[in-house]
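The sequence and structure come first.

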Amino acid sequence: MRPNTSAAVYRPDLGQVVMEYVEDASMLPIGLQVMPLFPTGKQAATFPVIPKEALLKIPDTARAPRGGYNRGNWEYERGQFSTAENGWEEPVDDAERGLLEGEAPGMADFIATRRAWSHIMRGQEKRIAAKVFNATTFSGSTAAVTHEWDDATNAVPITDVKNATEVIRSACGLLPNVLIVSWSTFQDLKNCDQIVNRLKYTFPGIDLNRMSSEQLAAVFNLSKVLVGGAVYDSAGEGIATSVSDLWYNEYAMLTRVASGLDITEPCIGRTFLWTEDSPANPIVESYRDETVRSDIVRVRHNVDECYIQSKDSSGSVVSNIAAACSYLLSNITTI
C-alpha cells in the first residue's frame, strides 16, 4: 500500500514482514529477552517493587481458635520509568521504486523498513547491553574469574557459574535462570575442556563443533544461555568501517530475567513501552513527501529500559533488586 498524502499511515504489514525475516540467528538481538517488554498506557509513572527484606521473611502464621490470621503489613516500594522516543526515517525515491518494483513488487518498502528497523533495534540493543555489562551498577556483585574462559585448558566456567549462583541465592533467595555472553565468549566456551568433558556425558554422541546455546544451558543448569551476537560500526562518520560487538567479551552476566507480565517479579529489568504512542515495538508508518518525490518509511518507539530498583523521593536507590539477583563475571577473556 503506497501512501498518497502527507499524513502518516500505520503499516503493521511492513513491521510483520521485517520481523519474520531472519538472516542469522547468532546475530539476532537479545536485549528484549534480558529486559522483556512491559506495555503501559503511561509515558512516565512509578511501578511497584517488592522490598528486598519482604522476599525471605518467615512471619508468624499460627492462628488461635476463633482468632484472625496474621496479615502482611509491608508496603510496596516504588520504581520509576520515563519513556523516550527513538525513531528513524528512510525515503523511497520514485526512481528507486521504479527500478525495484518491476522485478519484485513491495521490495522497495521492505528494504527501507528493514534499514530503519535495524537502526532502531540496534540502538535499543546497545542501551540494554550497556546497562547489563556495567561494572559500576553491579559493583557489589562483580568478580573477576581466576582463569579466563578463552584459556581452554585451565578455564573452569562451570565452577565459576556455580559459585556465582550461590552468591545470588544468598543475596535474594532466588536462583538465576540466564547466562548472558558475547558471541566470541560463546565460541570460547565451546572449546573449554571443562565444558567439553561434561557435554560428552550429558549429550552422548554430540557434535561438539555444532554445540548449541541450549546444550550449554543444560551444562550450567540454567534455562537459557543468551548469546549477544549483534554488531555495529564503531568508527565515526567518513572513517573506514570498524565492526565491534555490542556485547563486550570481557563480561558475562549471570542473572534472573522476567518470565511473565508480573511487574513485581524480581528480575534484572524491564523495557517499558508506551502503548498510547507505540502500539507495537517498534511501530512502522509511512507518508508521502512530494518535496523530494519520495515515500517516507518511519520506524519509531517510545521506551525506557529500566533496572528493577525502588527509589526514594530524591531518586536514590532503596532496594536494588536488579543487583541482588545478578552477578557480573569479569576477566572473561585475555585483552
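How many bridges join strand E3 to E4, and do the strands run parallel or antiparallel? In this predicted model, six bridges join E3 (residues 44-49) to E4, and the two strands run antiparallel. The points below begin with this pair.

- Thr46 has Gln80 of E4 as its bridge partner.
- Side chains alternate along E4, which spans residues 77-82.
- Glu77, Gly79 and Phe81 point to one face of E4 and are buried.

- Ser319 lies in strand E16, residues 317-320.
- Ser319 counts as buried because its relative accessible area is 4%, under the 20% cut-off.
- The side chains of Ser319 and Glu77 are joined by a polar contact of 2.7 Å.
- Leaving aside residues up to four places away in sequence, Ser319 touches Pro51, Lys52, Glu53, Glu77, Ile308, Gln309 and Ser310.
- From Ser319 to Leu273 the separation is 46 residues in sequence and 23 Å in space, C-alpha to C-alpha.

**Nonpolar surface patch**
- Leu99, Leu100, Met107 and Ile111 form a nonpolar patch on the surface, and their accessible area together is about 330 Å².
- Helix H3 (94-101) and helix H4 (107-132) are the elements that give two or more residues to the nonpolar patch.
- Leu99 is placed in helix H3.
- Leu99 counts as exposed because its relative accessibility is 70%, over the 50% cut-off.

Key
Residues are numbered from 1 along each chain as its sequence is written. This is a predicted model: local features need pLDDT of at least 70, side-chain atom pairs count only at pLDDT 80 or more; totals for chains, interfaces and linings use all residues. Side-chain values use heavy atoms; hydrogens and water are left out. Patches are made of residues with over 30% relative accessible area and no salt bridge: like charges are joined within 9 Å, nonpolar side chains (Val, Leu, Ile, Met, Phe, Trp, Tyr) within 5 Å. Accessible areas come from the Shrake-Rupley method with a 1.4 Å probe; for residues, only the protein chains shown count as cover. A salt bridge is a side-chain nitrogen of Lys or Arg within 4 Å of a carboxyl oxygen of Asp or Glu. Helices (H or I, at least four residues) and strands (E, at least two) are DSSP runs, numbered from the N terminus. Buried means under 20% relative accessible area, exposed over 50%, partly exposed in between (1.4 Å probe, protein chains only). Two strands pair if DSSP finds at least two bridges between them. Contact means heavy atoms within 4.5 Å. A polar contact is a pair of N or O atoms within 3.5 Å; within protein, one must be able to donate a hydrogen and the other to accept it, and residues adjacent in sequence count only if both atoms are side-chain atoms.
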